[in-house]
Amino acid sequence: MSKEILEAMRQFAESYAKRTNTFFCSDRTVTAYVLEGLAKNKSELGAPLCPCRYYDDKKEEVAASFWNCPCLPMRERKECHCMLFLTSDNDYTSNSQELSFEELETLLN
């Protein structure tokens with residue numbers, strides 16, 4: 001997985017959080033590992049498939065696009081299984097919609 005794809009996923013997450021008025025998890029490592037999983041799936045499968053679920057056939061799931069981030073439950077009901085995008089009433093919500101690339105790399109190492 002390249003740093004460019006990881007950075008693209010970070011930028012996407014910040015933009016999406018701001019656009020949907022959602023926030024990252026108060027445990028920054030959750031955000032970091034979800035972004036890493038999205039980037040890995042984007043690199044390997046061509047789409048940011050939700051990294052927190054089990055799939056019998058990941059390529060089939062990518063083609064169906066239901067679990068591609070932002071997944072359908074997130075788009076329709078603001079329900080994020082991965083805890084990447086949380087609403088303000090969630091107990092694990094931070095007040096942050098930003099994560100620098102430097103902090104992301106630190107959290108992943």
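## Packing of α2 against α5

In this predicted model, the axes of helices α2 and α5 come within 9 Å and cross at roughly 90°. The two helices α2 and α5 are therefore roughly perpendicular. On the α2 side the contact is formed by R28, T29, A32, Y33, L35 and E36, and on the α5 side by E103, L104, L107 and L108. By residue class, the contact of α2 with α5 comprises six nonpolar, one polar and three charged residues.

## Packing of α1 against α2

Helix α1 spans residues 3-20 and helix α2 spans residues 28-45; their axes come within 9 Å and cross at roughly 125°. This angle makes α1 oblique to α2, because angles of 65 to 115 degrees are those counted as roughly perpendicular. The crossing of α1 past α2 is right-handed.

From α1, the residues I5, L6, M9, R10 and A13 take part in this contact, where they meet L35, E36, L38, A39, K42 and S43 of α2. Seven residues of the contact of α1 with α2 are nonpolar, one is polar and three are charged. L35 and E36 of α2 belong to this set, and L35 and E36 also take part in the contact of α2 with α5.

## Packing of α1 against α5

Helices α1 and α5 pack at an angle of about 115°, with their axes 11 Å apart. They are therefore roughly perpendicular to each other, and their crossing is right-handed. The residues K3, L6, E7 and R10 of α1 meet F101, L104, E105 and L108 of α5. The contact of α1 with α5 divides into four nonpolar, no polar and four charged residues.

In soluble globular proteins, nonpolar side chains tend to be buried together. The largest nonpolar core of this model holds 29 residues, of which F24, L35, L38, L84, F85 and L104 touch the most other members. Helices α1, α2 and α5 (101-108) each supply at least two residues of this core.

L38, another of the core residues that touch the most other members, touches M9, P48, L49, C50, P51, C69 and L84, leaving aside residues up to four places away in sequence.

## Backbone features in the loops

Most residues other than glycine have a negative phi, and most peptide bonds are trans. The loop between α3 (58-64) and α4 (72-77) contains P70, and a cis peptide bond with an omega of about -5° joins C69 to P70. C69 is also among the residues touched by L38.

S65 lies in the loop between α3 and α4. Although S65 is not a glycine, its phi is positive, at about 65°. S65 is partly exposed, with a relative accessible area of 34%.

K78 lies in the loop between α4 and α5. K78 likewise is not a glycine, yet has a positive phi of about 55°. Its relative accessible area is 37%, and K78 is thus partly exposed.

Terms used
Residues are numbered from 1 along each chain as its sequence is written. This is a predicted model: local features need pLDDT of at least 70, side-chain atom pairs count only at pLDDT 80 or more; totals for chains, interfaces and linings use all residues. Side-chain values use heavy atoms; hydrogens and water are left out. Axes are lines fitted to C-alpha atoms, for helices over the stretch in contact, and angles run from 0 to 180 degrees between N-to-C directions. Helices (H or I, at least four residues) and strands (E, at least two) are DSSP runs, numbered from the N terminus. Angles under 35 degrees count as roughly parallel, over 145 as roughly antiparallel, 65 to 115 as roughly perpendicular and the rest as oblique. A crossing is left-handed if the near helix is turned anticlockwise from the far one by less than a right angle, and right-handed if clockwise. Contact means heavy atoms within 4.5 Å. Ala, Val, Leu, Ile, Met, Phe, Trp, Tyr, Cys and Pro count as nonpolar, Asp, Glu, Lys and Arg as charged, and the others, Gly among them, as polar. A nonpolar core is a set of buried Ala, Val, Leu, Ile, Met, Phe, Trp, Tyr and Cys residues joined through side-chain atoms within 4.5 Å. Buried means under 20% relative accessible area, exposed over 50%, partly exposed in between (1.4 Å probe, protein chains only).
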